[in-house]
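Trainee: I'm new to this one and would like a close look at a single part, the packing inside. Could you walk me through it?

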Amino acid sequence: MTRSLPGIEELENPNPELASLVYSRDGKLLHKYFMKNRTYVPLKSISEYLPKALIATEDLAFYDHWGFDVRRFILAMGENMLKGRDRWHGASTITQQLAKNLFLTQERTVDRKIKEFFTSIELEKTYTKEEILALYLNTVYFGSGAYGVEAAAWTYFNKPASTLNLQESATLIAVLKSPRAYDPSRNPESSINRRNLILSLMAKEGVITETEAEKARKSKLILDYTPVTNHGKAPYFTEYIRQTLKPISKQHDINVYKDGLVIYTSLDSRMQRYAQEAVKEHLAWVQERFDKSWRWPAKLKDQIIRESPRYRELTEKGRSKDQAMKELKADAPWLKKLLYDKTRVQAAFVIIEPSTGEILAWVGGNDFTPEEYQYQFDHVWQARRQPGSTFKPFVYAAAIDKGIPANFEILDQPLVLKTGNDVWIPQNADQKSGGLTPLRKALSNSINQVTVRLLHEFLSPSEVIRYAKKMGITSKLEPNMSIALGTSEVSPLELASAFGTFANNGVWVEPTSITSIEDKFHHKVIEYDPVKRTALDSTTNYVVVSMLQDVIKRGTGIAVPSRYGIKLEAGGKTGTTQNLKDAWFVGFTPQIVGAVWTGFDDERIAFTSMSYGQGARAALPIWAKFMQKCIADTTIGIENRYFHMPENVIAVPVSRSTNRPAQLYTDDVYVEYFTPKGFKKYQSELATPSEEQLMPASDNTYESPGWQEDRY
């Protein structure tokens, strides 16, 4: 029997399973990962009332015995024999209970009791009384999945154990007698009665006054119940953290569910709240307009039914296809729920600090509250959708870097592209065309025909892909002409990362979610340094940023300053894909960059009208509402900052009507920015205007799918 007792090393180093804690950059607890929801805290971090209540209730002679209370044991055994109980009451001290919790089983046998006796004596020889109290309060089960007093304090009162008042402390100690019977969230009346008994015992022992006890007994039971089933303040983000930790755990031999790690993340809890609010507010507006206008096509409805598990189950049981279809259509509640789920507008919204790559806010779908979230599909990093016009800046960045000036004019006319027997004629969203158009205007107004001609005449798809990859796009991009209009799928996280390069003077920084990890002893296990690289020449970058600022000032993103009153220096790009399947907006300042996507999980379902379903209406307002909230919260520190302008950027007053240098004082004049190579080309164009620019493009051929994107 003694050989099965814990050894000295095990006694000196008890290793209870501890939950790992996930914190935001501003110190808020976001989530816990655990097998048992337990967080160790020292006695000094536990309210003084808790050990007093524990001793008054469980072990009055705690400071006088050596692990076993002989007098109490004899009295208890005598009472058991006199009353002839079927289940005898023990006389376990706090130390004996700790021995059982740490090293022994819960079985009621003589052998276990003897082991408990010897183990408790060894514990008393190994630890001080204060250390025993701390170990006990950190290991005992408080119900509702909470192990240890810190987890219990957060579960029942949503606060740390150090801040528990007298009545809250007594309520937790009350739970120990029977976690089910005295659970304050399930049995408040029983909990209060047990709490009041403990308060009376504390007053009887003189650890509190009778006045204090009476006041506490009269107090109401006030809970802020946050059970372990709650997925925390940022459920999509903390699930992403969990996935990120999988390879790290293997590499460093750590167990995120048992080792009590402290995981510090990049998330800002204030921004996260504002991001969730912005998504929730605007999706309700979009959903309302979609619901009013959507009509299910009969063929699509039948197809959705045939794809359901219930249809498959019926056919497998012997129903004919027609019988199964008829039966399911007759089940109105089931059919309504099926179609309802398919037509919920989804969203992705991610905010990154471009200078550090740190992810500040993350909303992965339309399940906004921790109670709703159940490890849903995360649209921020798991979804890949066509970015539409939000991809165009990479085309323009490649052109500017090659020496094409931002005011270079290209004909806004259809271009016929052939591949085999297929013909692709990309067109503008409004089906209209124009004359020579400066690249700056083409980008700010998202003109498809100019963008495709720019790629066709001066670049190649592989060049554009190279720039996009350097700037942070990691998904596979198809090397065809339609890439100019964003036909290759990417994730919102990639797009935010890539636009972060524009906001960060041409330097790409890898998105970071975890900043450091500590073990339970607060020793650093991992500390992250951001991966970064120069992805775009800073002069080129500034010219492109000035073009993306025009999107906000006078282009498709004009609602940012005009409707939402945001006057910060900002750039951005809207995007809407074919048939209104996806709506995008990516906005950025020198401090933060945010990517928004809205749409549907099933790509056969799409927005029904440009009046609410384009990027400027379905996505941009989420970014704008978020920015409004952040600006209003002065603790966040969002302020107006200027984008860095390299010394070799050349600024020239140019007339919008003639595209030639002009006097700065006329209403027609704006300041155009050039790279040195771009300025040389502009000078050469002024000296010898190119006749080729005035001629319609020839019937060029290039491999490209039949697809077009609207200008938004």
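Which residues touch the most other members of the largest nonpolar core?

Mentor: Quick background: this is a predicted model, where local features need pLDDT of at least 70, side-chain atom pairs count only at pLDDT 80 or more, and totals for chains, interfaces and linings use all residues. Residues are numbered from 1 along each chain as its sequence is written, and side-chain values use heavy atoms, with hydrogens and water left out.

Now, your core. A nonpolar core is a set of buried Ala, Val, Leu, Ile, Met, Phe, Trp, Tyr and Cys residues joined through side-chain atoms within 4.5 Å; buried means under 20% relative accessible area (1.4 Å probe, protein chains only). The largest has 86 residues, and Ile263, Trp362, Phe394 and Phe502 touch the most other members. Take Ile263: leaving out residues up to four places away in sequence, its contacts (heavy atoms within 4.5 Å) include Tyr23, Tyr33, Leu245 and Ile514.

Next, the strands, which are DSSP runs of E, at least two residues, numbered from the N terminus, while helices are runs of H or I, at least four. Five strands form an open antiparallel sheet in the order 7-6-18-17-16. Strand 7 (358-363) and strand 16 (571-576) are the edges, each pairing on one side only; pairing takes at least two DSSP bridges between two strands. Strand 6 (residues 346-353) and strand 7 share five bridges in the antiparallel sense, and Ile352 stands opposite Ile359 in strand 7.

Note on methods: Buried means under 20% relative accessible area, exposed over 50%, partly exposed in between (1.4 Å probe, protein chains only).
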